[in-house]
Amino acid sequence: METFTKAESFFYCHGKKPFSAIFLDLDMPEMTGFEVARQLGQNGNCFVIFVTSHQELVYDSFNFRPLNFICKDPDADVMKDRLHMVAGQLTDALKQEKTVVLENREQGRISVKLRDVTYIESNSHSIIYHFANNKDTIAVRDSIGEIEEAYRKFDFIRVHKKYIVNLKYVFNISRSNETVIFKSGSELPMSRGYKNAVDDALTEYLRRK
């Protein structure tokens with residue numbers, strides 16, 4: 001953990017080794033927290049948490065899509081609770097920053113972030129990774145059972161004998177139609193035997209969020 005009093009020093013260190021998460025005070029000399037966040041948007045991805053005594057600025061912060069917005073409070077216990085809550089949220093968000101290396105004959109080795117994987121499909125003897133933002137799929141040789149076990153701690157859940165989904169992209173489930181509904185509006189079938197486990201996992205995930 002590092003602290004900075006000047007934006008110039010921060011950007012120098014961030015440029016050499018990017019930080020995963022940054023707590024930004026809105027009241028800073030030379031550049032405001034919003035100005036720093038705006039420049040960060042041009043220089044790479046990281047989680048931003050704004051800290052300020054100006055509660056009225058919370059709506060302005062939405063333009064920068066921060067992980068959270070912490071209002072300062074003179075009560076130390078209140079601040080401790082708020083920081084503890086955000087720390088838990090940050091830990092949860094950083095889970096999917098994990099990079100995995102996929103390899104096949106056609107594409108070679110490809111590094112991907114779990115956060116970009118919407119769902120994983122078992123097709124014959126191949127495992128197909130599907131991505132957000134309409135990226136090309138990647139097919140590899142693997143076992144869906146082993147992937148289910150390995151990715152469970154990263155908020156992936158088995159919904160069907162053929163599919164594992166990333167809860168980050170799930171909007172809801174339809175028990176009547178036995179489908180998983182993504183935020184994009186697309187759907188995948190959900191096996192009856194997985195319904196309760198999927199419902200419990202989604203509920204717990206949303207509660208944490």
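The second largest pocket has a volume of about 530 Å³. A pocket here is an open set of points on a 1 Å grid over the protein atoms alone, with protein on both sides within 12 Å along at least five of seven lines, and lining residues have an atom within 4 Å of a point. Grid points are joined across faces, edges and corners, and the volume is the space filled by probe spheres set on the points. The model is predicted: local features need pLDDT of at least 70, side-chain atom pairs count only at pLDDT 80 or more, and totals for chains, interfaces and linings use all residues. Residues are numbered from 1 along each chain as its sequence is written, and side-chain values use heavy atoms, with hydrogens and water left out.

The lining of this pocket comprises 19 residues. Glu-2, Thr-3, Phe-4, Ile-22 and Phe-23 lie nearest its centre. Helix H1 (7-16) and strand E1 each supply at least two lining residues. E1 gives the most, with 5 residues. Helices (H or I, at least four residues) and strands (E, at least two) are DSSP runs, numbered from the N terminus. By class, the lining holds 13 nonpolar, 3 polar and 3 charged residues.

Strand E1 (residues 21-25) runs parallel to E2, joined by 5 bridges. Two strands pair if DSSP finds at least two bridges between them. Ile-22 has Val-48 as its bridge partner in E2. E2 also pairs with strand E3 (residues 68-71), in the parallel sense, over 4 bridges. There, Thr-52 stands opposite Cys-71. In strand E2 (residues 47-52), 5 of the 6 residues are buried, so the strand is largely enclosed by the rest of the structure. Buried means under 20% relative accessible area (1.4 Å probe, protein chains only). Cys-71 counts as buried, at 15% relative accessibility.

A further 5 strands form an open antiparallel sheet in the order E8-E7-E6-E10-E9. Strands E8 (138-140) and E9 (156-160) stand at the edges with a single partner strand each, so one side of each is left without a neighbour in the sheet. Neighbouring strands are turned by 20° against each other on average, direction ignored; axes are lines fitted to C-alpha atoms, and angles run from 0 to 180 degrees between N-to-C directions. Strand E6 (residues 117-123) and strand E7 (residues 126-131) run antiparallel and share 6 bridges. Ile-120 is partnered by Tyr-129 in E7.

The structure holds 0 disulfides (pairs of cysteine sulfur atoms within 2.5 Å). Cys-46 is in none, and the nearest cysteine sulfur, that of Cys-13, is 14 Å away.

Technical notes:
Buried means under 20% relative accessible area, exposed over 50%, partly exposed in between (1.4 Å probe, protein chains only). On a 1 Å grid over the protein atoms alone, a cavity is a set of points where a 1.4 Å probe fits but cannot get out, and a pocket is an open set with protein on both sides within 12 Å along at least five of seven lines; lining residues have an atom within 4 Å of a point. Ala, Val, Leu, Ile, Met, Phe, Trp, Tyr, Cys and Pro count as nonpolar, Asp, Glu, Lys and Arg as charged, and the others, Gly among them, as polar.
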